[in-house]
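Please look through the sequence and the model shown below, and keep both at hand while reading. The paragraphs that follow lead from the overall build of the chain to some of its details.

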Amino acid sequence: MFLQWIAKCELVPVSADSHVLKKFSEKCQRTLCSMVVGFLTAENVDVAEVLPSGHHIRWSMEIIGQSFALSLEDADVIAGAIRLYEQWLGVDAAAKTKDKRPSCMQKVEQTFIQDLLAQMTLLFEERPDASRAANDALVSKHVQLCLRGELWGLLQKFYRRWTQRLLVIEQWNAATLALTRGLIRHLNSLEPSKNEVDIIWADGRLQSKFEFEASLLVYAWYRVLRVVGHPSGFSEPDVYLAAIVSV
């Protein structure tokens, strides 16, 4: 359960047993995700008691993970799913005294972390924009969800494991170039304007359009530029060249 281009890059193996809710109706998906995420994030619920085994965790992940692909109208559910996965990844800033990582998943910790992060990539799935003007508030929520500091830290940590693949660097090039152009337009603008960023992806898919506040544009540009690390760490010549050309 993750973005299609990740499967194309062969970064994560595709499992036929995942994405159980994919063919369910939107109404059913929204109802299940809202109920499960709402229950597990309630203050009086001990998640470790409710989900004591790996089977319980895996079952719940099929529903929680689907939350990241919901419509932006369900931003509160998506935010709840993020908070829950932050706890399971051990990066929840609010949990300073208690480690909320599932102890039952310690023996398969690396696979567990990989699956959590893979599902969270659905945050970056393009949403339908039949009425873009009416959805400005929802788009803003989407950007805010995607730009959470904890997620950037996780992305930087794990993205660098994929940087030996050329398509990964080409996608990074596309995002970096688009953000740089948007930032230059913003810096050269004499009047306040919408900071629009159009990303033309390397694999020929439809381009993505985003609108940023000035502070978020600068933040996103800085984060994306640094996410792959120094090019000297690339061992493949074609990957190194692609990264250098982008810089």
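A residue is called buried if its relative accessible area is under 20%, exposed if that area is over 50%, and partly exposed in between, as found with a 1.4 Å probe and counting protein chains only. By this rule both Tyr85 and Trp88 are buried, and buried residues make up 40% of the 247 residues in the chain.

The model is predicted, and local features need pLDDT of at least 70, side-chain atom pairs count only at pLDDT 80 or more, while totals for chains, interfaces and linings use all residues. Residues are numbered from 1 along each chain as its sequence is written, and side-chain values use heavy atoms, with hydrogens and water left out. The score pLDDT is the predictor's confidence in each residue, running from 0 to 100. Over the chain its mean is 79, and 75% of the residues reach 70 or more.

The chain holds 11 helices and 2 strands, where helices (H or I, at least four residues) and strands (E, at least two) are DSSP runs numbered from the N terminus. Read along the sequence, these elements follow the pattern α-α-α-α-α-α-α-α-α-β-β-α-α. Among the elements, helix α2 (residues 26-40) has the highest mean pLDDT, 95, whereas helix α7 (residues 136-146) has the lowest, 57. Over residues 130-134 the pLDDT stays under 50, and the model has 1 contact beyond four places in sequence for this stretch, a contact being heavy atoms within 4.5 Å. Of the contacts in the chain with a separation of 6 or more, 69% are between residues 24 or more positions apart.

How do the helices lie against one another? To describe this, axes are lines fitted to C-alpha atoms, for helices over the stretch in contact, and angles run from 0 to 180 degrees between N-to-C directions. Angles under 35 degrees count as roughly parallel, over 145 as roughly antiparallel, 65 to 115 as roughly perpendicular and the rest as oblique. A crossing is left-handed if the near helix is turned anticlockwise from the far one by less than a right angle, and right-handed if it is turned clockwise.

The axes of α2 and α5 come within 9 Å and cross at roughly 45°, which means that α2 is oblique to α5. This crossing of α2 and α5 is left-handed, and in it Cys33, Ser34, Val37 and Leu40 of α2 meet Val77, Gly80, Ala81 and Leu84 of α5. Cys33 is buried, with a relative accessible area of 0%. Leaving out residues up to four places away in sequence, Cys33 touches Gly38, Ile63, Gln66, Ser67, Leu70 and Val77.

Helix α5 also takes part in a second pairing, in which the axes of α5 and α6 come within 11 Å and cross at roughly 160°, so the two are roughly antiparallel to each other. Here Tyr85, Trp88 and Leu89 of α5 are in contact with Phe112, Ile113, Leu116, Leu117, Gln119 and Met120 of α6. The crossing of α5 and α6 is left-handed. By contrast, α4 passes α6 in a right-handed crossing. The axes of helix α4 (residues 54-67) and helix α6 (residues 109-120) come within 10 Å and cross at roughly 15°, which means that α4 is roughly parallel to α6.

Which residues form the stacked aromatic pair described here? Rings of Phe, Tyr and Trp (its six-membered ring) pair if their centres lie within 6.5 Å, and planes under 30 degrees apart count as stacked, over 60 as edge-to-face and the rest as tilted. A search of the whole structure finds 3 aromatic pairs, and one of them is the stacked pair of Tyr85 and Trp88, with 5.6 Å centre to centre and 25° between the planes. Because Tyr85 and Trp88 are 3 residues apart in helix α5 (residues 75-89), they are separated by about one helical turn. Ring pairs link Phe68, Tyr85, Trp88 and Phe112 into a cluster.

Finally, consider a residue in a strand. Asp198 has its place in strand β1 (residues 195-199) and is partly exposed, with a relative accessible area of 36%. Leaving aside neighbours within four places in sequence, Asp198 is in contact with Ala178, Gln207, Ser208 and Lys209.
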